[in-house]
Amino acid sequence: MMHLRNATEADLPAILEIHNDAVRNLDAIWSDKLESLDTRRDWMRERLDAGFPVIVVADEDNGVLGFGSYGPYRPKDGYRFTVDHSVYVAASAQGRGAGKILMAALIERARTGGFHVMVGGIDAGNTVSIKFHAAFGFKEAGRLPQVGAKFGRWLDLVQMALVLDDRERPPAN
Ligand SMILES: CC(C)(COP(=O)(O)OP(=O)(O)OC[C@H]1O[C@@H](n2cnc3c(N)ncnc32)[C@H](O)[C@@H]1OP(=O)(O)O)[C@@H](O)C(=O)NCCC(=O)NCCS
């Protein structure tokens, strides 16, 4: 049985492998730079220290099938009720429900954490991810032509947003 849990540092090699596989082979991560265990550890510590989640779905042997996280959408404080998320499932485990478990958990955490909007930046050619987000209620909120470059091509960015609650105003500080 697949199960969801918070990631620990013991999961970093598996998270790194999934991340670097996407760097090597997919348009989903707009970078040509393979990461190291150290840079992934820094990323994870930064997220956790700031109170943001890093979660994994693992199989019955506790092998990591995918991971998800969110962090600040943009650094300025006026964006503090908005998060930018990511979900990645190992190529060998895709289409078996791990992504749905991760996405549902990220939405739940963001909602209970008091955030108001989640935004995902998706490669326009990634129709699987666009449909996947739409199924959770995300709406396309902008398409930026040719803002990315990878594998010798320009890439278009689709931003998809989910409003998490119906508060009319942000809370007073
Ligand atoms: C997009 C992604 C996170 C979805 O996770 P997943 O575990 O593969 O998806 P699930 O098994 O939970 O399926 C969710 C839905 O996605 C769709 N889907 C998943 N894999 C698919 C595939 N290979 N082809 C077509 N549709 C697919 C299905 O419609 C499914 O919905 P359904 O079960 O109601 O039919 C995952 O495929 C992935 O990591 N892809 C590569 C990296 C990436 O694109 N990440 C997102 C960047 S924005």
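Strand β2 (residues 54-58) and strand β3 run antiparallel and are joined by five bridges, where strands are taken as DSSP runs of E of at least two residues and helices as DSSP runs of H or I of at least four residues, numbered from the N terminus, and where two strands pair if DSSP finds at least two bridges between them. The model is a predicted one, in which local features need pLDDT of at least 70 and side-chain atom pairs count only at pLDDT 80 or more, while totals for chains, interfaces and linings use all residues. Residues are numbered from 1 along each chain as its sequence is written, and side-chain values use heavy atoms, with hydrogens and water left out.

Within the pairing of β2 with β3, Ile55 stands opposite Gly68, and the hairpin that the two strands form has five residues between them, with Asn62 taking a positive phi near 70°. On β3 there is also a pairing with strand β4 (residues 82-89), which is antiparallel and comprises seven bridges; here Tyr70 has His85 of β4 as its bridge partner. Eight of the nine residues of β3 (residues 64-72) are buried, so that this strand is largely enclosed by the rest of the structure; buried denotes under 20% relative accessible area, exposed over 50%, and partly exposed in between, with a 1.4 Å probe and protein chains only.

Aromatic pairs were identified where the ring centres of Phe, Tyr and Trp (its six-membered ring) lie within 6.5 Å, planes under 30 degrees apart counting as stacked, over 60 as edge-to-face and the rest as tilted. By this rule the structure contains seven aromatic pairs. In one of them, Phe52 and Tyr70 are arranged edge-to-face, 5.9 Å from centre to centre and with 75° between the planes. Because Phe52 lies in the loop between α2 (37-49) and β2 whereas Tyr70 belongs to strand β3, the pair ties together parts that are 18 residues apart in sequence. Both Phe52 and Tyr70 are buried. The pair of Tyr73 and Tyr79 is likewise edge-to-face, since the ring centres are 5.6 Å apart and the planes stand at 70°; Tyr73 is partly exposed at 23% relative accessibility, and Tyr79 is partly exposed at 31%. One aromatic cluster is formed by Trp43, Phe67 and Tyr88.

With contact meaning heavy atoms within 4.5 Å, Arg47 touches Phe52, Val54, Ser69, Tyr70 and Gly71, residues up to four places away in sequence not being counted. Apart from neighbours within four places in sequence, Asp123 is in contact with Asp27, Trp30, Ile130, Leu155 and Asp156.

A search of the whole structure finds eight salt bridges. One of these joins Asp27 to Arg153, with the closest N and O atoms 3.0 Å apart, and it links distant parts of the chain, Asp27 being in the loop between α1 (12-25) and α2 and Arg153 in strand β7, 126 residues apart. Arg153 is partly exposed, at 41% relative accessibility. Asp38 and Arg41 meet in a salt bridge of 2.8 Å, N to O, and, being three residues apart in helix α2, are separated by about one helical turn. A network of salt bridges links Glu9, Asp38, Arg41 and Arg45.

Phe138, in the loop between α4 (127-135) and β6, is buried, with a relative accessible area of 3%. Not counting residues up to four places away in sequence, Phe138 touches His85, Met103, Ile107, Met118, His133, Met160, Ala161 and Leu162.

Terms used
A salt bridge is a side-chain nitrogen of Lys or Arg within 4 Å of a carboxyl oxygen of Asp or Glu.
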